[in-house]
Amino acid sequence: MPSLFTGIRHDPELRQVADGAMWLRNWLPVDVQARLVETCRSLLGGPAGGYTPTVRGGGKMHVQMMCLGRHWNPRTYTYEATRADHDGLPVGPVPDDWVT
């Protein structure tokens, strides 16, 4: 399967938004951005989708998290094949068309 990013001509405008943080304006065409959003929303709502993580001290984060390929466990600060800190479900794969 071809990558979602195959054949894209990049003409980014590089802008620094903070120390060490850059915005690559125009890096992805709008249609590719829309497809990424659609896929992300679908994955977040699916099995092993988004959840609210709990960190080491027991506090709940204020975000929905979903990992693909490997799961970042916010309690142990390690990567795992399952969401051991939440529901034990296996981590979903990175979508084939995201891999270049």
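## Asp31 and Arg35

Asp31 is partly exposed, with a relative accessible area of 46%, where partly exposed denotes the range between buried (under 20% relative accessible area) and exposed (over 50%), computed with a 1.4 Å probe on protein chains only. Its partner Arg35 is also partly exposed, at 39%, and the two side chains meet in a salt bridge with an N to O distance of 4.0 Å, the term standing for a side-chain nitrogen of Lys or Arg within 4 Å of a carboxyl oxygen of Asp or Glu.

Both residues belong to helix α1 (residues 30-45), where, being four residues apart, Asp31 and Arg35 are separated by about one helical turn; helices here are DSSP runs of H or I with at least four residues, numbered from the N terminus.

## Basis of the model

The model is predicted, so that local features need pLDDT of at least 70 and side-chain atom pairs count only at pLDDT 80 or more, while totals for chains, interfaces and linings use all residues. Residues are numbered from 1 along each chain as its sequence is written, and side-chain values use heavy atoms, with hydrogens and water left out.

## The other salt bridges

By the salt-bridge rule the count comes to three. Glu13 and Arg15 pair through their side chains at 2.6 Å, N to O, and here Glu13 is partly exposed at 31% relative accessible area, as Arg15 is at 33%.

Asp87 forms a salt bridge with Arg83, the closest N and O atoms being 2.6 Å apart. In this pair Asp87 is partly exposed, with a relative accessible area of 35%, whereas Arg83 is buried at 5%.

Definitions and conventions: Helix = DSSP H or I, 4+ residues; strand = E, 2+ residues; numbered from the N terminus.
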